[in-house]
Amino acid sequence: MSKLARLEQAQGLLDLCRWLIIGSMIGIITGTSSAALLRSLDWATDWRAAHPSIVWLLPLGGLLSGLIYNYFGHSVTAGNHLLVAEIEAPQAIIPVRMAPLILIGTTIAHLFGASVGREGTALQMAGSLADQLTPILRLNNPDRRILLTAAISGGVGSVFGTPLTGMVFGLEVLKFGGLRYEGIFACLIAAIVGDQVTIAWGLDHQVYQISIVPELTIWRLLAAIGAGILFGLAARVFVSLTHQIKGYFQNINYAPARPLIGGALVLIAIQLVGVKYIGLGIGTIVSAFSSQLSPWDFAAKIGFTALSLGSGFKGGEATPLFYIGATLGNALAPLLGLPSPLLAGMGFVAVFGGAAHVPLAAILMAIELFGAPVGSYAGIACTVSYLCAGKSGIYSSPRIAGQHRA
């Protein structure tokens, strides 16, 4: 071996050790922040269930959240788009205030009954907190990109209990369907450590059961393709409707009034159809794997979530997308001749993969959550969904220039 080869090998080993340490630090940060988020949302959901009349205060909850961001959150209003933009074109350290503000805003949304998720919050907390390591470790821009990408991986891996999904999600989401392999080791370490730290804090993740996975035949292949098309169209409708509603509410000049009005509209919808479609809806997602549900549940969840997020409530899209996909798959079971739990699981990951433009991460999520036998069906559904979901995704909004300063 030449001297140059030995030097390159030594440098590679040093880089590996360096990112092992940094990735572990990121994992500790993301796992702890995800644990705090999950505890907070468990409390908000339980309190709302014990005091259901609190939903009448949903418009005031929206106003409170809007006022908090209006006075303290101008620098972090862009949310996930700010995080993605800093990875693509670094400008300034993400303000640390993003973490407590998004946690408070998301807790308010869940407490009063908005239909929002949690992954967006996990990503923003992970990214803003991990980015504080940049000046401490004196990272240059390329290394900072790896750090923030690993923070995304750690956030997803820890909040859902799916570390391999987290790793690929962090690499995949920034190119909206194309992988970038820089920092793959840091992403893997951050996701694994983040997941383990969340577990160490005493948090358990929901378990889903798919007991019957039939052999893949030509007819079942065609059924899976058909389901994938419908999952992709559902993702497309969700993204388009959310963006349209957000555009309408942007016409309201006073930002805190947007979630106030949006909350009033969601409250009217609650009075019409009940509280089934508010919050995370984990109970309904679980039911989609074991019993036949109303065939319109997925459509109602699309409307509730698009209105909640589009009007300015804080949270994420992933868990509502899981709900939409699982209930749509449940509704399709009698038509496509596949087992209801299998279709619910396929929809769970495929609508999310299509809307987020992360088909590979979605396939891995299916394997981590439901087991390897589901992989072929999930692979078909996620790939077709991604191809049918359209160019616009939940993370593909353009950069809002000048909205952040340290």
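Student: How many nonpolar, polar and charged residues are in the lining of the largest pocket?
Tutor: The lining has 13 nonpolar, 20 polar and four charged residues. Keep in mind that this is a predicted model.

Student: What volume does the largest pocket have?
Tutor: Its volume is about 880 Å³.

Student: And which residues lie nearest its centre?
Tutor: Thr77, Lys246, Leu309, Gly312 and Lys314 do, out of 37 residues that line the largest pocket.

Student: Which helices each supply at least two residues of that lining?
Tutor: Helix 2 (58-72), helix 3 (80-88), helix 5, helix 10 (218-249), helix 11 (257-273) and helix 13 (297-310).

Student: Let's take helix 13. How many of its residues are buried?
Tutor: Eleven of the 14 residues in helix 13 are buried, so "buried" here means under 20% relative accessible area. Among them are Asp297, Lys301, Phe304 and Leu309.

Student: What do the buried residues of helix 13 pack against?
Tutor: They pack against helix 10, helix 11 and helix 14 (318-336).

Student: How far does helix 13 reach from its first C-alpha to its last?
Tutor: Helix 13 reaches 20 Å, close to the 20 Å expected at 1.5 Å a residue.

Student: What comes just after helix 13?
Tutor: Gly312, which takes a positive phi of about 115 degrees. Gly312 is also one of the residues nearest the centre of the largest pocket.

Student: New topic. What is the volume of the second largest pocket?
Tutor: The second largest pocket has a volume of about 480 Å³. It is lined by 27 residues, and Asp42, Arg118, Gln206, Leu280 and Ile282 are the closest to its centre.

Student: Which elements give two or more residues to that lining?
Tutor: Helix 1 (3-50), helix 7, helix 12 (282-288) and helix 16 do. Helix 1 gives the largest share, seven residues.

Student: How does the lining of the second largest pocket split by class?
Tutor: There are 15 nonpolar, six polar and six charged residues in it.

Student: Moving on to the largest nonpolar core. Which residues touch the most other members?
Tutor: Phe169, Phe231 and Phe348, in a core of 120 residues. Helix 15 provides the largest share of this core, eleven residues. As background, nonpolar side chains tend to be buried together in soluble globular proteins.

Student: What is Phe169 in contact with?
Tutor: Leaving aside neighbours within four places in sequence, Phe169 is in contact with Leu123, Ile152, Val156, Phe352, Val358, Ala361 and Tyr395. Phe169 is one of the buried residues of helix 8.

Student: How many residues of helix 8 are buried?
Tutor: Nine of the ten residues in helix 8 (163-172) are buried, and the helix is mostly covered.

Student: What covers the buried residues of helix 8?
Tutor: The cover includes helix 5, helix 7 (141-160), helix 9 (184-200), helix 15 (340-356) and helix 16 (359-370).

Student: Back to Leu123, then. Where is it found?
Tutor: Leu123 is in helix 5 (residues 119-130).

Student: Why does Leu123 count as buried?
Tutor: Leu123 counts as buried because its relative accessibility is 3%, and the cut-off for buried is under 20%.

Student: What does Leu123 touch?
Tutor: Not counting residues up to four places away in sequence, Leu123 touches Asn80, Leu83, Ile152, Val156, Phe169 and Tyr395.

Student: How many residues apart in sequence are Leu123 and Leu83?
Tutor: They are 40 residues apart in sequence, and their C-alpha atoms are 8.3 Å apart in space.

Note on methods:
Residues are numbered from 1 along each chain as its sequence is written. This is a predicted model: local features need pLDDT of at least 70, side-chain atom pairs count only at pLDDT 80 or more; totals for chains, interfaces and linings use all residues. Side-chain values use heavy atoms; hydrogens and water are left out. Helices (H or I, at least four residues) and strands (E, at least two) are DSSP runs, numbered from the N terminus. Buried means under 20% relative accessible area, exposed over 50%, partly exposed in between (1.4 Å probe, protein chains only). Contact means heavy atoms within 4.5 Å. On a 1 Å grid over the protein atoms alone, a cavity is a set of points where a 1.4 Å probe fits but cannot get out, and a pocket is an open set with protein on both sides within 12 Å along at least five of seven lines; lining residues have an atom within 4 Å of a point. Grid points are joined across faces, edges and corners, and a volume is the space filled by probe spheres set on the points. Ala, Val, Leu, Ile, Met, Phe, Trp, Tyr, Cys and Pro count as nonpolar, Asp, Glu, Lys and Arg as charged, and the others, Gly among them, as polar. A nonpolar core is a set of buried Ala, Val, Leu, Ile, Met, Phe, Trp, Tyr and Cys residues joined through side-chain atoms within 4.5 Å. The expected span of a helix is 1.5 Å times one less than its number of residues.
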